[in-house]
Amino acid sequence: MRILMILAMCQMAVAEDRMRRETVALTILAEARGEGKGGMYRIGCVIQQRSIERKISPDKVCLQKDQFAKGERRMLGSPSAPYAIKLAEHLIRGHSFRRDIVGNANHFCTLKSNPYWTRGRNPVASFGNHKFFRLH
């Protein structure tokens with residue numbers, strides 16, 4: 001009986017870890033699947049920066065309201081998915097990304113968009129189709 005309980009707890013932990021990883025991977029895919037590895041890595045940097053600043057896990061950062069585009073599960077079948085999943089695993093496990101390549105940005109948008117929060121601010125970096133900002 002005790003062994004079955006331990007096994008069930010392990011299975012729940014594995015399922016939770018998979019959900020956390022998928023949440024982060026889907027966010028990366030929704031935001032930058034067409035930007036190649038460099039673009040996806042940089043979105044991972046922003047997720048990590050927010051995670052550090054807000055003192056919450058990367059998956060919780062991704063789930064915060066009105067923060068990121070939400071990916072659809074079908075994106076996990078895209079050619080970019082394996083790399084996004086790898087990045088997500090590293091973020092969930094707490095591996096440090098080189099956030100300096102985006103100027104420790106905690107926000108980003110596409111080059112063509114100018115959300116209200118960009119007014120009067122200059123990007124600290126740009127890459128591909130994204131510009132990155134450090135908001136305080």
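User: How many disulfides does a search of the whole structure find?

Analyst: This is a predicted model, and a disulfide requires a pair of cysteine sulfur atoms within 2.5 Å. The sulfur of cysteine 62 has its closest cysteine sulfur, that of cysteine 45, at 13 Å, which is too far for a bond. For cysteine 109 the closest cysteine sulfur is also in cysteine 45, at 17 Å, again too far. The number of disulfides found in the whole structure is zero.

User: Is cysteine 62 buried or exposed?

Analyst: A residue counts as buried when its relative accessible area is under 20%. The relative accessible area of cysteine 62 is 1%, so this residue is buried.

User: Is cysteine 109 buried or exposed?

Analyst: The cut-off for a buried residue is a relative accessible area under 20%. Cysteine 109 has a value of 6%, and therefore its class is buried.

User: Are helix 2 and helix 4 roughly parallel or roughly antiparallel to each other?

Analyst: Helix 2 spans residues 36-54 and helix 4 spans residues 81-92; their axes come within 10 Å and cross at roughly 25 degrees. Angles under 35 degrees count as roughly parallel. The two helices are therefore roughly parallel.

User: What is the handedness of the crossing of helix 2 and helix 4, and how many nonpolar residues does their contact have?

Analyst: Helix 2 passes helix 4 in a right-handed crossing. On the side of helix 2 the contact is made by Lys37, Met40, Tyr41, Gly44, Ile47 and Gln48, and on the side of helix 4 by Tyr83, Ala84, Leu87 and Leu91.

User: Is leucine 76 buried, partly exposed or exposed?

Analyst: Leucine 76 lies in the loop between helix 3 and helix 4. Leaving aside residues up to four places away in sequence, leucine 76 touches Glu22, Leu26, Leu29, Ala81 and Ile85. Buried means under 20% relative accessible area and exposed means over 50%. With a value of 22%, leucine 76 is therefore partly exposed.

User: What is the phi of lysine 55, and where is its place?

Analyst: Lysine 55 is not a glycine, yet its phi is positive, at about 55 degrees. Lysine 55 is also exposed, with a relative accessible area of 74%. Its place is the loop between helix 2 and helix 3.

User: Where is the place of aspartate 66?

Analyst: Aspartate 66, although not a glycine, has a positive phi of about 55 degrees. At 68% relative accessibility, aspartate 66 counts as exposed. Its place is the loop between helix 3 and helix 4.

Notes: Residues numbered from 1 in each chain as written. Predicted model: local features only at pLDDT ≥ 70, side-chain atom pairs only at ≥ 80, totals over all residues. Heavy atoms only, no water. Axes fitted to C-alpha atoms, helices over the stretch in contact; angles between N-to-C directions. Helix = DSSP H or I, 4+ residues; strand = E, 2+ residues; numbered from the N terminus. Parallel < 35°, antiparallel > 145°, perpendicular 65-115°, else oblique. Left-handed = near helix turned anticlockwise from the far one by under 90°. Contact = heavy atoms within 4.5 Å. Buried < 20%, exposed > 50% of the residue type's maximum accessible area, 1.4 Å probe, protein only.
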